[in-house]
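Please keep the sequence and the 3D view open while reading.

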Amino acid sequence: MQRYFLEDKEALDGHLTITGDDAKHIAKVMRQSVGEQLIAVVAGHVYVAEITDIDLAVQVKLIRELEDRSELPKRVTIACGLPKGDKLELITQKATELGMSALLPYSAERSIVKWDGAKSEKKIERLKKIAQEAAEQSHRSRIPAIHTVHSFKQLTNAAKNYDVVIVAYEEEAKKSGGRRFAEILESLYDKDSILLIFGPEGGISETEAAALKEAGALFTSLGPRILRTETAPLYALSAISYEFE
């Protein structure tokens, strides 16, 4: 059954009114009719719902709540230095499928692209749409939050809100004795929120690395190979899923 996130809807006596793009999708794309069912996600709760009326809006009745086990047991925020092209869209889509809780793009020292006010707002809205579509496709019960673009200073301030901050730093992969990602994950069973920080194509600068170390972040390599900026977050989320799921 098709899944719809209805976070902005209020269920009155078990009934919901669906409008806008979702209503059009149900009626015009899926061509559903009265009596057919769909999956409605309301405030993180997942329900089987039955269509009771299709006219200018779609009316549904919540039938039963489903047990949901689709969310990662850890809340993982991915902080990405702004990359070139549409790489952030790819990261958003695939990281949502892999269980990311939030995406935090930031302007890194080595970020080539710059997002101004109007451009940033448009791109963030695009990422939100991609995250919602990916959450529906992967049968999530939560849509990842997409934060506005942070400066590096704002990123370090935001890092204080997490139980642990982990920085994927390519220099760790080049030296012996660095802390392996698997070892860090084994130490996080009593932690709930995780901030994973990745650099743009040029990586994290020495100045940024020093500031993050001073802030108490843990540094790690993601294996002996240097991963692309769009590959590293997906590798990390896959490892987290393997460890905790």
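Are helix 2 and helix 8 roughly parallel or roughly antiparallel to each other? The model is a predicted one. In it, the axes of helix 2 and helix 8 are 9 Å apart and meet at an angle of about 5°. The cut-off for roughly parallel is under 35 degrees. Helix 2 and helix 8 are therefore roughly parallel to each other. Helix 8 spans residues 232–244. Its partner, helix 2, spans residues 87–97.

**Helix 2 and its neighbours**

Start with the contact to helix 8. Helix 2 supplies Ile91, Lys94 and Ala95, while helix 8 supplies Pro233, Leu234 and Leu237. By class, that contact holds 5 nonpolar residues, 1 charged residue and no polar ones.

Now turn to helix 3. Helix 3 covers residues 117–137. The axes of helix 2 and helix 3 come within 8 Å and cross at roughly 30°. This pair is therefore roughly parallel too. The crossing of helix 2 past helix 3 is right-handed. On the helix 2 side, the contact uses Leu88, Glu89, Thr92, Gln93, Thr96 and Glu97. On the helix 3 side, the contact residues are Arg126, Leu127, Ile130, Ala131, Ala134, Ala135 and Gln137. The classes here are 6 nonpolar, 4 polar and 3 charged.

**Salt bridges**

Side chains of opposite charge can pair when their charged atoms come close. The model has 9 salt bridges.

| Salt bridge | N to O distance |
|---|---|
| Glu201 and Lys87 | 3.1 Å |
| Lys128 and Glu125 | 3.7 Å |
| Glu183 and Arg180 | 3.7 Å |

Glu201 is partly exposed, at 28% relative accessibility.

The Lys128 and Glu125 pair stays within helix 3. The two residues are 3 residues apart, about one turn of the helix. Lys128 is partly exposed, with 37% relative accessibility. Glu125 is partly exposed as well, at 46%.

Is Ile78 buried or exposed? Ile78 has a relative accessible area of 0%, so it counts as buried. Ile78 belongs to strand 6, residues 75–81. Leaving out residues up to four places away in sequence, Ile78 touches Met100, Ala102, Leu103, Leu104, Leu196, Phe198, Pro233 and Leu237. Among these partners, Pro233 and Leu237 are also part of the helix 8 contact with helix 2. Leu90 lies 12 residues from Ile78 in sequence. In space, the two C-alpha atoms are 13 Å apart.

Asp22 is in helix 1, residues 20–29. The cut-off for buried is under 20% relative accessible area. Asp22 has 18%, so Asp22 is buried. With residues up to four places away in sequence left out, Asp22 touches Tyr4, Phe5, Leu6 and Gln132.

Technical notes. Residues are numbered from 1 along each chain as its sequence is written. This is a predicted model: local features need pLDDT of at least 70, side-chain atom pairs count only at pLDDT 80 or more; totals for chains, interfaces and linings use all residues. Side-chain values use heavy atoms; hydrogens and water are left out. Helices (H or I, at least four residues) and strands (E, at least two) are DSSP runs, numbered from the N terminus. Buried means under 20% relative accessible area, exposed over 50%, partly exposed in between (1.4 Å probe, protein chains only). Contact means heavy atoms within 4.5 Å. A salt bridge is a side-chain nitrogen of Lys or Arg within 4 Å of a carboxyl oxygen of Asp or Glu. Axes are lines fitted to C-alpha atoms, for helices over the stretch in contact, and angles run from 0 to 180 degrees between N-to-C directions. Angles under 35 degrees count as roughly parallel, over 145 as roughly antiparallel, 65 to 115 as roughly perpendicular and the rest as oblique. A crossing is left-handed if the near helix is turned anticlockwise from the far one by less than a right angle, and right-handed if clockwise. Ala, Val, Leu, Ile, Met, Phe, Trp, Tyr, Cys and Pro count as nonpolar, Asp, Glu, Lys and Arg as charged, and the others, Gly among them, as polar.
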